[in-house]
Amino acid sequence: MDPEQLWSQGERPRRGRPPTHSRAAITEAAVALADAEGLGAVTMRAVAARIGAGTMSLYSYVPNKETLLELMVDQVSGDHRLPSEPSGDWRADLRQFAQEQRTIMRRHPWLPAALSARQTLGPNALAALEYALAVLAPVGLEAPARLETFSLLTGFVASHVSHELAQERTVETGGRTSGELLDAQDRYLRSLADADRYPHLARALAVPSHDSSPQAVFDRLLDRMINGLTAGV
């Protein structure tokens, strides 16, 4: 759908009787469905059934599923709890922003996959982007590089959350705790870590393990990424 029609013009008033539903209510129903059953469960028929409407009537509010997905992504982008302006400590602010992204993506597990299909930025996503660009202003990057840095950060968070959720699903289906799974993986690697055949792996496994909780792993990787953002500036 033309982004100007989607975001700038909003819902066009219809002649005749007042509309029974709204684009906002339809989007809210679609988000709830995706949260409960996954993105694959979101069809125009299923969303229509959720709000008690006929499938064909939904198209007068949302022309297709792709547009509905755009609306869903922007709605949950409004979950960001951001200060009115950055503190001036860009590293701390960027870290907080990434933590907010992770929280939202874990709250809505379908979001990482949906982001890759998004075509435009709605008002909530634009507000988050504007804040992130303001956070990066003191770094010394040119404006286009700040846009790329925002995309890089969002891609990192989405990829990491997807990995976290996949690991959790593996644990659930396997009937094991995450600690048991990590122990099994560690035993397997150590059984292969011959110093002659895999010397780098052997040295890595010889170092005491870090905290392997999901939050601790995310924090470590996020810090490494942020530390590398200004390389070459």
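A residue counts as buried when its relative accessible area is under 20%, as exposed when it is over 50%, and as partly exposed in between (1.4 Å probe, protein chains only). In helix 5, the residues that pass the buried cut-off are Thr67, Leu68, Leu69, Glu70, Leu71, Met72, Val73, Asp74, Val76 and Ser77. That makes ten of the 13 residues of helix 5 buried, so this helix is largely enclosed by the rest of the structure. Its reach from first C-alpha to last is 18 Å, close to the 18 Å expected at 1.5 Å a residue, where the expected span is 1.5 Å times one less than the number of residues.

The model is predicted: local features need pLDDT of at least 70 and side-chain atom pairs count only at pLDDT 80 or more, while totals for chains, interfaces and linings use all residues. Residues are numbered from 1 along each chain as its sequence is written, and side-chain values use heavy atoms, with hydrogens and water left out.

Zooming out, the protein has twelve helices and zero strands; helices (H or I, at least four residues) and strands (E, at least two) are DSSP runs numbered from the N terminus. Buried residues account for 35% of the 233 residues. Contact here means heavy atoms within 4.5 Å. Of the contacts with a separation of 6 or more, 68% link residues 24 or more positions apart. The protein exposes about 13,600 Å², with carbon and sulfur atoms supplying 52% of it; areas come from the Shrake-Rupley method with a 1.4 Å probe, and for residues only the protein chains shown count as cover.

Next, the inside. A nonpolar core is a set of buried Ala, Val, Leu, Ile, Met, Phe, Trp, Tyr and Cys residues joined through side-chain atoms within 4.5 Å. The largest one has 52 residues, and Val42, Val47, Leu68, Met72, Leu94, Trp110 and Leu111 have the most contacts inside it. Helices that each supply at least two of its residues include helix 2 (23-37), helix 5 (65-77), helix 6 (90-107) and helix 9 (143-174). In soluble globular proteins, nonpolar side chains tend to be buried together. Leaving aside neighbours within four places in sequence, Leu68 is in contact with Ile26, Thr27, Ala30, Val42, Met44, Val47 and Val62. On helix 2, Ile26, Thr27 and Ala30 are among the buried residues, as are Arg23 and Leu33. Helix 2 is followed by Gly38, whose phi is positive, near 100°.

Tyr59 sits in the loop between helix 4 (55-58) and helix 5 and is partly exposed, at 37% relative accessible area. Not counting residues up to four places away in sequence, Tyr59 touches Met44 and Asn64. Pro86 lies in the loop between helix 5 and helix 6, and is partly exposed at 24%. Pro86 and Tyr131 are 45 residues apart in sequence and 7.4 Å apart in space, C-alpha to C-alpha.

On the outside, Tyr188, Leu189, Leu192 and Tyr198 form a nonpolar patch with about 360 Å² of accessible area together. Patches are made of residues with over 30% relative accessible area and no salt bridge, with like charges joined within 9 Å and nonpolar side chains (Val, Leu, Ile, Met, Phe, Trp, Tyr) within 5 Å; a salt bridge is a side-chain nitrogen of Lys or Arg within 4 Å of a carboxyl oxygen of Asp or Glu. Leu189, found in helix 10 (residues 178-192), counts as partly exposed at 33% relative accessibility.
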